[in-house]
Amino acid sequence: STPFGVDLGNHSAVVAVAKNRGIDIVVNEVSNRSTPAIVGFGVRNRSIGETGKTQQTSNLKNTVDNLKRILALNADSPDFEVEKKFFTCPLVDKDGYAAAQVRYLGKEEQFTSVQLVAMYLNKLKDIAAKETKGNITDICLAVPVWYTEQQRRAAADACHIAGLNPVRVVNEVTAAAVGYGVFKTDLPEEEPKKVAFVDIGHSSYTVSIGAVKKGELRILGSAYDKHFGGRDFDKAIAEHFADEFKEKYKIDIRSNPKGYNRVLAAAEKLKKVLSANSQAPFNIESVMNDVDVSSQLTREELEEMVKPLLDRIHVPIEKALEVAGLKAEDLDSVEVIGGCTRVPSVKTRLAEVFGKPLSFTLNQDEAIAKGAAFICAMHSPTLRVRPFKFEDINSFSVTYYWDKDAEDTDHLEVFPKGGVFPSTKLITLYRTSDFEIEAKYTHPDQLPNGTRPEIAKWKISGVEVPEGQDSAICKLKVRNDPSGFFTIESAYIVEEKEVKELVENPEAKPEDEPEYKIVKKLVKTKDLNIEYEGLALPKDVLAEFFEQEGKMVAEDKLVAETEDRKNALEEYIYELRGKLEDQYADFASPEEKEKLSKLLMDTEEWLYGEGDDSTKAKYIAKYEELASIGNLIKGRYNAKQEELRQELRAKQEA
Ligand code: ATP
Ligand code: MG
């Protein structure tokens with residue numbers, strides 16, 4: 001399968017594939033290099049990506065965006081209320097998690113966030129498959145650094161539902177930093193360069209500090225502001241105009257979802273214009289109650305509106321530097337990505353906090369997707385990529401807990417905050433029987449709002465106390481794996497055994513007999529069973545979602561094909577009618593002409609009447625009915641053309 005990297009943005013996703021020549025950004029069906037992160041539902045089908053965006057304003061109640069924000073979001077989290085304000089469809093609590101309620105195929109439906117993200121990923125997969133004409137299965141998915149085990153598992157589940165194999169879930173900014181390390185040609189060989197990578201997107205803001213040298217990257221520290229991005233700017237602008245229009249036009253735009261959404265869309269445009277100009281007009285025709293609104297905004301005014309946000313810009317930087325154990329002046333460069341960093345006041349503030357000019361070495365919009373595709377290629381058995389080593393940093397401390405038995409503790413902080421991953425550690429427990437062990441975040445208060453601390457539970461069975469011992473010595477190989485998941489890789493019993501060991505004697509000559517001694521050593525005597533219970537979806541639920549997704553895709557496909565056949569029929573009617581009076585005129589008998597003209601008229605009437613909403617089979621049948629006569633005439637016409645060509649050639653050769 002072609003290595004596939006996805007930057008799952010909250011505003012839009014960028015997808016990249018790795019080829020032998022390098023990494024390519026994949027364009028979508030309308031040749032855009034990013035695809036809106038939107039899933040819309042209709043009476044017949046879903047509209048995902050560009051089509052969802054096109055229909056958004058007319059289908060607000062059934063359009064879902066901000067997918068990345070609600071993925072596995074607990075319904076009792078304070079963030080659930082925050083997200084509700086950004087949604088135009090009802091955000092509901094389904095089995096404790098955020099889900100969207102929409103009307104689809106004429107019925108009220110609730111889709112879980114995992115299903116929604118899966119729908120979107122499936123669309124991205126389709127875009128990549130069409131463009132590369134290859135098989136897209138393996139994916140490296142980039143997610144925010146603040147995604148916990150819960151969200152990471154959900155992201156992987158969403159991949160599975162979309163028929164993708166998540167070879168790795170990677171932190172977004174880390175992916176961009178990998179791209180920097182791989183593609184920058186002038187990196188030092190010895191002493192690594194210390195680089196701050198800053199990403200401010202649509203909804204969140206991340207800073208990661210990396211040590212980069214040729215062929216190697218280590219993330220030294222990361223921090224984030226989960227609620228800082230372009231959408232907060234848009235909202236501030238929209239709110240400003242909502243107040244202004246109340247005063248000026250006596251309309252309450254907040255009470256009119258469609259109107260408010262148009263203001264929000266215009267606010268985003270205005271914000272972008274203000275990144276280039278110091279002042280910009282703001283006009284919307286008939287925004288509500290047939291009122292046209294007209295106003296303007298200056299860059300200074302915008303800056304004033306978002307001041308509370310800008311005043312927070314230093315926080316993640318300071319935190320990340322602290323984790324990294326560095327000061328801003330230790331940094332060799334500050335690399336900036338993400339759409340929101342195009343805002344001049346954001347750039348100015350960043351440069352002030354770092355105390356140095358910003359660099360734009362990376363492609364602001366595509367760096368994450370490219371890095372992710374490269375990482376996916378690293379895992380590919382078929383594609384050879386240049387060797388690159390990278391280590392990420394663990395954002396939240398994790399402790400493993402068990403009930404005390406013969407050992408003297410009942411927990412251990414195995415993966416501290418700031419530790420590197422991937423990483424493997426060995427825990428030794430002294431047990432008299434089967435037991436359970438659980439992983440939890442050590443400090444729930446340091447997690448994103450409302451995250452539950454539980455990560456996973458394992459039942460370890462098969463414990464037998466060896467003869468002559470009070471307890472079995474159990475070794476657990478625990479892992480913070482490359483995707484950031486917390487796992488137990490293996491569990492086994494060791495026993496002290498007498499083993500023969502070669503005595504090292506540096507003076508021994510080759511002809512000397514080797515000398516052995518008997519030593520006591522811990523050797524593995526038995527593998528234990530591990531039963532995992534974690535935050536990933538149960539297999540049966542996953543299978544059900546996978547099947548449902550397949551059905552919805554088939555439905556969408558049928559609708560698209562039906563539409564295609566309908567358009568083909570319409571075009572054929574016009575084409576045939578035109579030609580019948582023109583080039584085909586001499587090749588049809590008067591009876592044929594009359595018959596065909598009537599058939600064309602009838603078909604046209606049908607198409608604009610009851611046939612406006614018919615089936616694919618019907619459109620094909622109608623087409624073929626016309627073509628059975630049309631092709632006969634066309635055949636005669638073509639034969640005549642061929643005859644003329646032959647004559648011409650004969651003349652030229654003569
Ligand atoms: P996130 O990383 O938060 O999940 P994302 O990756 O989808 O979101 P980006 O694509 O990095 O976000 O950035 C999109 C944001 O950047 C949008 O809010 C958009 O309005 C904003 N943006 C894009 N171009 C400009 C510009 N020229 N001036 C100001 N803002 C811009
Ligand atoms: Mg982003």
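Ala-267 is buried, because 23 other C-beta atoms lie within 10 Å of its own; here a residue counts as buried if 20 or more other C-beta atoms, placed from the backbone, lie within 10 Å of its own, as exposed if 12 or fewer do, and as partly exposed in between. The structure is a predicted model, in which local features need pLDDT of at least 70 and side-chain atom pairs count only at pLDDT 80 or more, while totals for chains, interfaces and linings use all residues. Residues are numbered from 1 along each chain as its sequence is written, and chains are lettered from A and ligands numbered from 1 in the order in which they are written.

Ala-267 is placed in helix α8, where helices (H or I, at least four residues) and strands (E, at least two) are DSSP runs numbered from the N terminus. Residues up to four places away in sequence being left out, Ala-267 touches Asp-234, Ile-237 and Ala-238, a contact being defined by C-beta atoms, placed from the backbone, that lie within 7 Å. Between the C-alpha atoms of Ala-267 and Arg-231, which are 36 residues apart along the chain, the separation is 9.8 Å. Helix α8 spans residues 257–276 and also holds Lys-271, which is buried because 22 other C-beta atoms lie within 10 Å. With residues up to four places away in sequence again not counted, Lys-271 touches Phe-233, Asp-234, Ile-237 and Leu-302; the C-alpha atoms of Lys-271 and Leu-302 are 8.0 Å apart in space, although 31 residues separate the two in sequence.

The confidence values of the prediction are as follows. The protein chain has an average pLDDT of 96, and 100% of the residues score at least 70, pLDDT being the predictor's confidence in each residue on a scale from 0 to 100. The model has an ipTM of 0.99 and a pTM of 0.93.

Of the 654 residues in the protein chain, 40% are buried, and the chain contains 16 helices and 29 strands. Taken along the principal axes, its C-alpha atoms fill a box of roughly 110 × 75 × 55 Å. Among contacts between residues at least 6 apart in sequence, 68% join residues at least 24 apart.

The protein chain is divided into domain 1 (4–228 + 312–389), domain 2 (230–310), domain 3 (403–535) and domain 4 (541–653), with bounds that come from an automatic or database domain assignment. The centres of domain 1 and domain 2, taken over C-alpha atoms, are separated by 27 Å. To the contact between them, domain 1 gives 19 residues and domain 2 gives 13 residues. The side of domain 1 that touches domain 2 is made up of 7 nonpolar, 9 polar and 3 charged residues, where Ala, Val, Leu, Ile, Met, Phe, Trp, Tyr, Cys and Pro count as nonpolar, Asp, Glu, Lys and Arg as charged, and the others, Gly among them, as polar.

Ligand 1 is surrounded by 22 residues, of which the closest are Gly-9, His-11, Gly-201, Gly-230 and Gly-339; a residue is near a molecule if its C-beta atom, placed from the backbone, lies within 6 Å of it. The elements that give two or more residues to this shell are α7 (230–249) and α8, and α8 gives the most, with 4 residues. By class, the shell has 2 nonpolar, 13 polar and 7 charged residues. Because domain 1 and domain 2 both give residues to the shell, ligand 1 lies between them.

The largest nonpolar core has 133 residues, and those with the most contacts inside it are Val-6, Val-15, Leu-141, Ala-372 and Ala-373; such a core is a set of buried Ala, Val, Leu, Ile, Met, Phe, Trp, Tyr and Cys residues joined through C-beta atoms within 7 Å. At least three residues of this core come from each of domain 1 and domain 2. Apart from this core lies another, of 25 residues, among them Val-398, Ala-439, Leu-476 and Ala-491.

Some backbone features were also found in loops. A cis peptide bond, with omega about 0°, joins Phe-421 and Pro-422, and Pro-422 is placed in the loop between β22 (420–421) and β23 (423–431). Ser-31, a residue other than glycine, has a positive phi near 65° and lies in the loop between β3 (23–25) and β4 (35–36); Ser-31 is exposed, with 6 other C-beta atoms within 10 Å.

Conventions
Contact = placed C-beta atoms within 7 Å.
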